[in-house]
Amino acid sequence: MVDEKSEIAQGLRRRDPDLLDRLIEQYQHRLLRYLMSLTRNRATAEDLFQETWIRVLERGRQYDGKHEFSAWLFSVSRHLAIDFFRRKQPASLDGLLEDKDKPMDPPASAEPSAFDLVAHRELGERIAAGLDHVAAEYREALVLRFQEGLSLEEIAVVTGAPLGTVKSRVYRGLSALQPWLKGIRG
Amino acid sequence: MTNTGMTNTGMTNNDHVRARRMLALADAGELPAADRAWLESHLEACDSCRAFAQDTGDVVRALRSIPVAADRTLVAATQMRVRLRARELRQRDERLWLVGASCVAVTLAAAFTNLACWRGFTWLVERTHVPAATWPVAFVALWIVPALAASVLLLAKGTHLADHNS
């Protein structure tokens, strides 16, 4: 019996448009969320979303069917995002291009509110805002780990960073977000 | 994060760091039983790591709750672009296949023609008693002259066009 990864690999080798339609449907939210975490701009993320699937079509033969498709997909989109920012805004994704730890940007102000304590949506918005102030490589690691559910090893494959570096980024990223949480709690 | 909240229960700084890395890096289900038991006992005894665990859990839950959704238009537009590109690639592949097949056919035809011409020349030489050193030159010329003539014509046309454009 052919497992899902092999089936995807075979379909990509054939450039099967029906398979690609299904994959686009299946991974739409995850891919867009990941691209948003890289670019912090919805319009750019949507452009890169489309480019990613075109690239998947063109380079689909490179997917070996042994690793998770999502990890390969994120890796393709990551390269496109890096290329895009190299062309357009060389400074904005520095953190993804370099492998060094950067100081984190602490929250500018903390305005405690009793209402915030119980407003779950507010909490998400605060953490989302906090993500904007976290170095890009930490933000990427957090999104891949906690929003996309990738294992640490898969994140290492996507980002091309050593496993130890990935662990460090997740740990530091979580630590960087905690002041934003405390801001809500007062 | 640097304040690990040392207590007087015999814990070392390494214990706190170990506990916090476990909390940050592993979902509860991913930890081996021995590590999980150690972590639980550590959290029971350490207020600051318990607070860290609570904060980490809240951050992770908040991260998972951030809504980012692709809209229907984006998905449909992407699917259409992918289908169009797939068709272009298929047509390109078909053209490449045609070019490849043509190359093979031309090569085979040239090989057979060459052989036939060579035999024809040999027969002609036998009939006309042409010196043996001469006819290979004529044979090579027969193949080269048309290509040379075509090259000269193309060059002349190119030069004429360049002059005309300038």
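**Close-up 1. Helix α1 of chain B, seen end to end.** With 13 residues, α1(B) stretches 18 Å from its first C-alpha to its last, close to the 18 Å expected at 1.5 Å a residue. Bear in mind that everything shown here comes from a predicted model. Which residues of α1(B) are buried? They are B:H16, B:A19, B:R20, B:M22, B:L23 and B:A24.

**Close-up 2. Where α1(B) packs on α2(B).** Here α1 (residues 13–25) of chain B sits against α2 (residues 33–45) of chain B, at an angle of about 115 degrees and with the axes 10 Å apart. The crossing of α1(B) past α2(B) is left-handed. On the α1(B) side, look for B:D15, B:A19 and B:M22; α2(B) answers with B:D35, B:L39, B:H42 and B:L43. Sorted by class, this contact has four nonpolar, one polar and two charged residues. Two of the α1(B) residues in it, B:A19 and B:M22, also turn up among the buried ones.

**Close-up 3. Chain B on its own.** What does the secondary structure of chain B come to? Five helices and zero strands, so the pattern along the sequence reads simply α-α-α-α-α. Of the 166 residues in chain B, 11% are buried. Take the contacts in chain B with a separation of 6 or more, and 50% of them link residues 24 or more positions apart.

**Close-up 4. The face that chain A turns to chain B.** Now for the meeting of the two chains, a contact that takes 34 residues from chain A and 28 residues from chain B. On the chain A side, the elements giving two or more residues are α2, α3, α7 (120–132), α8 (136–147) and α10 (163–185). The largest share of that side, 10 residues, comes from α2(A). By class, the side of chain A that touches chain B has 20 nonpolar, eight polar and six charged residues.

**Close-up 5. Helix α3 of chain A and what covers it.** Helix α3(A) runs over residues 42–59, and its 18 residues reach 25 Å from first C-alpha to last, close to the 26 Å expected at 1.5 Å a residue. Its buried residues are A:A45, A:E46, A:L48, A:F49, A:T52, A:W53, A:V56 and A:L57. What covers them comes from both chains: it includes α2 (17–39) and α4 (69–88) of chain A, together with α4 (72–128) of chain B.

**Close-up 6. α3(A) against α4(B).** This view picks up one of those covering helices: α3(A) and α4(B) pack at an angle of about 30 degrees, their axes 9 Å apart. This time the crossing is right-handed. From α3(A), residues A:E46, A:F49, A:Q50, A:W53, A:I54 and A:L57 meet B:L74, B:A77, B:T78, B:R81, B:V82, B:R85 and B:A86 of α4(B). The tally by class is eight nonpolar, two polar and three charged residues. Among the α3(A) residues here, A:E46, A:F49, A:W53 and A:L57 are also on the buried list.

**Close-up 7. α8(A) across α3(B).** The axes of α8(A) and α3 (residues 47–65) of chain B come within 9 Å and cross at roughly 85 degrees, which means α8(A) is roughly perpendicular to α3(B). Which residues of α8(A) meet α3(B)? A:L142, A:F146 and A:Q147 do, and they face B:V60, B:L63 and B:R64. By class, the contact has four nonpolar, one polar and one charged residues.

Definitions and conventions
Residues are numbered from 1 along each chain as its sequence is written. Chains are lettered from A and ligands numbered from 1 in the order in which they are written. This is a predicted model: local features need pLDDT of at least 70, side-chain atom pairs count only at pLDDT 80 or more; totals for chains, interfaces and linings use all residues. Helices (H or I, at least four residues) and strands (E, at least two) are DSSP runs, numbered from the N terminus. The expected span of a helix is 1.5 Å times one less than its number of residues. A residue is buried if 20 or more other C-beta atoms lie within 10 Å of its own, exposed if 12 or fewer, and partly exposed in between; C-beta atoms are placed from the backbone. Two residues are in contact if their C-beta atoms, placed from the backbone, lie within 7 Å. Ala, Val, Leu, Ile, Met, Phe, Trp, Tyr, Cys and Pro count as nonpolar, Asp, Glu, Lys and Arg as charged, and the others, Gly among them, as polar. Axes are lines fitted to C-alpha atoms, for helices over the stretch in contact, and angles run from 0 to 180 degrees between N-to-C directions. A crossing is left-handed if the near helix is turned anticlockwise from the far one by less than a right angle, and right-handed if clockwise. Angles under 35 degrees count as roughly parallel, over 145 as roughly antiparallel, 65 to 115 as roughly perpendicular and the rest as oblique.
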